[in-house]
Amino acid sequence: MIRYLTTAAICLAALPLAAEPVHITRDVMSVTVPLEGGATVDISRIQDNDHRLEGDWDLTSRPCPNFCIQPMVPAEGVTAIGELELLEMLQDPNTVVADGRVRPEYLKGTIPGAISVPYTEAADRLDVLGCEVDFDGFDCDVAGLKDVALFCNGPWCGQSPTAARRMIEAGFPAERIYYYRGGMQMWQLFGLTVVEGQ
């Protein structure tokens with residue numbers, strides 16, 4: 001009898017353990033985000049409990065400049081947010097989530113539902129947020145103005161902080177800007193869904 005129990009225990013030990021489910025929060029497994037044209041995408045976390053980041057996302061000591069640690073708040077009046085707040089904003093039709101990275105980085109992979117607004121173009125694209133073109137640039141004191149959540153590569157990336165400052169200089173209200181400092185690095189560290197940019 002003991003021999004059979006020992007053999008059964010050895011066989012069970014050889015079987016791979018089932019992965020524990022990876023939720024976003026205790027009660028939320030995934031979030032459905034609307035896309036332009038009526039499509040949707042589900043954002044969830046990678047279910048492989050052994051998944052690891054590789055490549056540039058696991059580098060810790062990039063030279064500063066250009067890769068200096070960014071402040072939590074890139075300009076006065078801007079609100080810092082985390083992943084859960086960004087997930088809520090992705091579902092809000094009155095919010096635009098903007099990837100402030102240069103277009104080749106956006107095309108490689110971005111947060112589902114984000115649009116490309118490279119930091120070099122941010123002050124010239126305020127119309128996508130509801131500002132109206134006027135003789136001096138943009139009038140952002142209008143009904144229907146959207147909030148914007150900006151992100152780039154992560155806590156060491158200066159692209160979205162630069163975009164926020166340029167947008168404010170161009171007349172966009174700072175209190176309507178939300179900054180996801182964690183960016184793509186933290187998004188991927190949490191194993192959240194990434195899609196190719198459009």
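This is a predicted model: local features need pLDDT of at least 70, side-chain atom pairs count only at pLDDT 80 or more; totals for chains, interfaces and linings use all residues.

Residues are numbered from 1 along each chain as its sequence is written, and side-chain values use heavy atoms, with hydrogens and water left out.

**Stop 1: the disulfides**

The structure has two disulfides (a disulfide is a pair of cysteine sulfur atoms within 2.5 Å). Counting bonded cysteines along the chain, the pattern is 1-2, 3-4.

Select cysteine 64 and cysteine 68. Their sulfurs are joined at 1.8 Å. The link is right-handed, with 95° about the S-S bond.

Go on to cysteine 131 and cysteine 140. Here the S to S distance is 2.1 Å. This link is right-handed too, with 110° about the S-S bond. Cysteine 131 and cysteine 140 are both buried (buried means under 20% relative accessible area, exposed over 50%, partly exposed in between, with a 1.4 Å probe and protein chains only).

**Stop 2: two cis peptide bonds**

Return to cysteine 64 and show the backbone. Most peptide bonds are trans. The bond from cysteine 64 to proline 65 is cis, with omega near -5°. Step to the next bond. Proline 65 and asparagine 66 are also joined by a cis peptide bond, with omega about 5°.

Where does proline 65 lie? It sits in the loop between strand S2 (40-44) and strand S3 (79-81). Asparagine 66 is in the loop between S2 and S3 as well. Helices (H or I, at least four residues) and strands (E, at least two) are DSSP runs, numbered from the N terminus.

**Stop 3: serine 160**

Select serine 160, in helix H4 (residues 159-169). Is serine 160 buried or exposed? Its relative accessibility is 0%, so serine 160 counts as buried. Leaving out residues up to four places away in sequence, serine 160 touches Leu150, Phe151, Cys152 and Tyr179 (contact means heavy atoms within 4.5 Å).

Now pick the backbone nitrogen of cysteine 152. A polar atom of the serine 160 side chain lies 3.5 Å from that nitrogen. Cysteine 152 is buried, at 2% relative accessibility.

**Stop 4: the salt bridges**

How many salt bridges does the structure hold? There are four (a salt bridge is a side-chain nitrogen of Lys or Arg within 4 Å of a carboxyl oxygen of Asp or Glu).

Start with arginine 101 and aspartate 99. Their side chains meet at 2.8 Å, N to O. Arginine 101 and aspartate 99 are buried.

Next, select glutamate 121 and arginine 103. The closest N and O atoms of this salt bridge are 3.2 Å apart. Glutamate 121 lies in the loop between S5 and S6 and arginine 103 in helix H3 (residues 103-108), so the pair ties together parts 18 residues apart in sequence. Glutamate 121 is partly exposed at 27%, and arginine 103 is partly exposed at 34%.

Finish at arginine 176 and aspartate 147. Their salt bridge is 2.4 Å, N to O. The pair links distant parts of the chain, 29 residues apart: arginine 176 is in the loop between H4 and strand S9 (177-180), and aspartate 147 is in strand S8 (residues 147-151). Arginine 176 is partly exposed at 26% relative accessibility, whereas aspartate 147 is buried at 17%.

Technical notes: A polar contact is a pair of N or O atoms within 3.5 Å; within protein, one must be able to donate a hydrogen and the other to accept it, and residues adjacent in sequence count only if both atoms are side-chain atoms.
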